[in-house]
Amino acid sequence: MDRQERVVRELLEAHGRTYADEAGIRLKDTPQPLYRLLVLAHLLSARIRGSIAVATARALHEAGLRDPRRMAQADWQERVDALGRGGYRRYDERTATQLGEAAELLNERWGGDLRRLRREADGKVSELRHLLQEFPGIGPAGADIFLREAQGVWPEAAPYLDAKALQGAERLKLPKDPDRLTELAGRRTDPAVLAAALVRAAVDKDVAEDALRRAG
């Protein structure tokens with residue numbers, strides 16, 4: 001095993017957990033988990049700590065706002081209050097509005113089911129990324145987050161290692177080639193787990209330094 005493989009192994013061992021898993025989302029290709037991932041991607045795309053976004057995704061779920069129908073039916077203050085309980089106070093009013101509008105769009109255009117959006121994209125990752133940005137509050141960063149996390153259940157997107165994940169690879173002194181990174185991780189590694197670990201290295205230099213030190 002060469003040093004690059006050891007770095008990836010140490011990174012995955014310590015930080016190989018998707019953000020969806022951390023938020024309590026058992027990701028499957030079914031409507032509710034996919035919707036909860038869309039909300040998580042929305043929250044993570046703001047300039048706010050990932051831990052707060054994850055806690056807020058959990059708070060929205062605990063408040064019963066776990067599918068687009070309930071999100072759309074909730075009143076604005078109910079959404080604001082749930083966001084606040086998660087610690088998402090800096091962007092709570094705007095985000096509460098966007099979550100309601102996004103849920104309405106999902107209900108009206110895709111029947112509340114993101115799998116219909118996937119079918120509309122017809123296997124084209126660029127079209128998936130474009131369609132995701134139709135949702136209020138989901139820009140390029142949010143679309144990237146969603147696809148990074150969803151690639152385990154939407155394999156046409158894999159390997160989806162966006163600029164943020166590749167920034168982590170650079171910090172770890174690894175190649176910035178998605179196929180090579182996937183090879184270093186091994187075939188059995190969920191590409192979403194690899195992507196999340198690389199992102200954690202990108203946003204926290206201590207994560208990268210720990211993996212490099214452990215690899216020797």
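**Notebook: buried residues, core, pockets and cavities**

I started with T56, which counts as buried because its relative accessibility is 0%. I keep in mind throughout that this is a predicted model. I found T56 in helix α4, and, once residues up to four places away in sequence are set aside, I listed L43, L83, G86, G87 and Y88 as the residues that T56 touches.

Next I looked up the aromatic pairs, of which the structure holds three. Y88, already noted as a residue touched by T56, forms a tilted pair with Y91, with 6.2 Å from centre to centre and 50° between the planes. I checked both partners and noted that Y88 is buried and that Y91 is buried as well. A further tilted pair joins W110 and F135, whose centres lie 5.5 Å apart with 50° between the planes. Since W110 sits in helix α7 (residues 92-110) and F135 in the loop between α9 (125-132) and α10, this pair ties together parts that are 25 residues apart in sequence. I recorded W110 and F135 as buried too.

I then turned to the largest nonpolar core, which has 75 residues, and I wrote down L40, F135, F146, L172 and L198 as those with the most contacts inside it. The element that gives the most to this core is helix α3 (residues 31-44), with nine residues. For L40 I listed the contacts beyond its neighbours within four places in sequence, and these are Y19, A20, A23, I25, A53, V54 and A57.

Which residues lie nearest the centre of the largest pocket? I noted L44, I145, K164, V199 and V203, out of a lining of 20 residues. The space in this pocket comes to about 460 Å³. At least two lining residues come from each of α2 (19-22), α4 (50-62), α10 (140-150), α11 (163-171) and α13 (191-203), and α10 supplies the largest share, four residues. By class I recorded nine nonpolar, three polar and eight charged residues in the lining of the largest pocket.

The second largest pocket holds about 150 Å³ of space, and its lining includes T18, A20, D21, I25 and R26, with E149 and D190 also among the residues there. Two or more of the lining residues come from α2 and likewise from α13. I sorted this lining into six nonpolar, two polar and four charged residues.

Last, I looked for cavities and found two of 30 Å³ or more. The largest cavity has about 60 Å³ of space, and I listed I25, R36, V39, A57, L60, H61, L65 and R66 as its lining. Helices α3 and α4 are the elements that give two or more residues to this lining, and the largest share, three residues, comes from α4. The classes here are five nonpolar, one polar and two charged.

How is the lining of the second largest cavity divided by class? I counted seven nonpolar residues, one polar residue and no charged residues. This cavity has a volume of about 50 Å³, and Y35, L38, V39, H42, L99, A102, F135 and I138 line it.

Notes: Residues numbered from 1 in each chain as written. Predicted model: local features only at pLDDT ≥ 70, side-chain atom pairs only at ≥ 80, totals over all residues. Heavy atoms only, no water. 1 Å grid on protein atoms, 1.4 Å probe; cavity = no way out; pocket = protein on both sides within 12 Å on 5 of 7 lines; lining within 4 Å. Points joined across faces, edges and corners; volume = space filled by probe spheres on them. Nonpolar A, V, L, I, M, F, W, Y, C, P; charged D, E, K, R; others polar. Buried < 20%, exposed > 50% of the residue type's maximum accessible area, 1.4 Å probe, protein only. Contact = heavy atoms within 4.5 Å. Core = buried A, V, L, I, M, F, W, Y, C linked by side-chain atoms within 4.5 Å. Phe/Tyr/Trp six-rings, centres within 6.5 Å; stacked < 30°, edge-to-face > 60°.
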